[in-house]
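Here's a friendly walk through one protein model, meant for someone seeing it for the first time. Have a look at the structure, then read on.

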Amino acid sequence: MAWAPTPVTLLFRYSSGSMTFRFIHTADWQLGKPFGRFSPELAAQLRAARIDAIGTIAAAARAQGAAHVVVAGDVWDCETPSDETLAKPLDAMAQAADVTWWLLPGNHDPAARHGLWDRLRAGTLPANIRCLCSAEPVEAAPGVVFLPAPWESKNPGRDLTEDYARKATPEGALRIGIAHGGTVEFSQDAVQSSAIAKGAAARGGLDYLALGDWHGHKRVDERSWYAGTPEPDRFPQNAPGYVLSVEVAPGAVPVVEPLRTARYCWSADRLELLAEGDPVTRFEALHDQSFERRYRLAKVEVTGAVRLEDRAALLDHIGRESHRYAHLETEHSRLDTLIEAAGLEAMGAEGSLRQTAEDLHALSEDAAADPSRRDEAKLALDLLMTFAA
């Protein structure tokens, strides 16, 4: 029987005799990530969000007319996840029965013997899940061949994409590579033994190279992209929280569109204050309303100089607002305090708090004092202002 597109899959488009294949490219799910630096409650919420992202990705695939989702490595966070950590994501993928999920082992979850991938294959996998544990080409759809480069150990010792050039595929078929690892451009963040050399897509004769490992979405060249993690998991801002909608046609440059999937927003911000202006208003302007604060994790470095009373008002505001955030941490050791008579008078009629504040401020500004003592004085002044506000 000849293959024909269905209203659900829309796998191919025909235009002037050409064929176009569309799919969703994602990576670095790291399911089961412990998030140990946070409270148990928040850590559990962040882990759950990574499973919930599977449904979000499935919805994005349907909206894009894509019946395939490619996960380019690090599906799980470790080699020995619990049975629950294995089962729940599989159930979520099985619920999206109209989508085929292609899972590649990465450096966090390599396809080592007797590891999680053997556990998966020993059971009954949902019919719409494919494990890419072999480097052999696999036909994903008529005229479309996936070339996986799975990790089989924590230390492959070579560029796993170098085999692409030796992999034969039917004439005219679209060749889509799936690999995990840092390119030489990002080698400082990559596992050095597996760094992917520049020009891997061209050397392998690929129409597209789907990459994982860099946790933000990024174009390497016109045929090679990192998808990033669909749920952010760290503060550095490298554009996480997306999947890529990819459209590939023979001889054409792939059309790639980032699609936002993140529930949580992680941000690292710097707030530079001056004596003029309201620091509370400036703080409030840092974070837009695109994410509710209960879904925002933020690190804020506060610098500059403010009056004593404004500093107290800001710290009091941050203390109250922190309960509305998923997580909020601030660093204000580089925020200088401008002490004025009016501000000191407001600290108390007896004047004892004012004198303490003056002493602490003098110590914090004393260039001859030990740096650690100056930092302690700044911290003590912060605490004094918070309680005196």
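Let's start with Arg263, which counts as partly exposed at 34% relative accessibility; that label covers whatever falls between buried (under 20% relative accessible area) and exposed (over 50%), using a 1.4 Å probe and protein chains only. Before going further, note that this is a predicted model, where local features need pLDDT of at least 70, side-chain atom pairs count only at pLDDT 80 or more, and totals for chains, interfaces and linings use all residues. Residues are numbered from 1 along each chain as its sequence is written, and side-chain values use heavy atoms, with hydrogens and water left out.

What does Arg263 pair with? Its side chain meets that of Asp52 in a salt bridge, 3.1 Å from N to O. Asp52 sits in helix H1 and Arg263 in the loop between strands S13 (255-260) and S14 (265-273), so the pair ties together parts that are 211 residues apart in sequence. Helices (H or I, at least four residues) and strands (E, at least two) are DSSP runs, numbered from the N terminus.

A salt bridge here is a side-chain nitrogen of Lys or Arg within 4 Å of a carboxyl oxygen of Asp or Glu, and the structure holds 23 of them. Here are three:

| Pair | Closest N and O atoms |
|---|---|
| Arg37 and Glu329 | 2.6 Å |
| Arg158 and Glu162 | 3.0 Å |

Thr161 lies in the loop between strand S7 (144-148) and strand S8 (174-180), and is buried, with a relative accessible area of 4%. Its side chain makes a polar contact with that of Asp159 at 2.7 Å; such a contact is a pair of N or O atoms within 3.5 Å, where within protein one must be able to donate a hydrogen and the other to accept it, and residues adjacent in sequence count only if both atoms are side-chain atoms. Leaving aside neighbours within four places in sequence, Thr161 is in contact (heavy atoms within 4.5 Å) with Ala179, Ile196 and Ala200.

Finally, there's an open sheet of six strands, ordered S6-S7-S8-S9-S11-S10 with mixed pairing; two strands pair if DSSP finds at least two bridges between them. Strands S6 (138-141) and S10 (218-221) stand at the edges, each with a single partner strand, so one side of each is left without a neighbour in the sheet.
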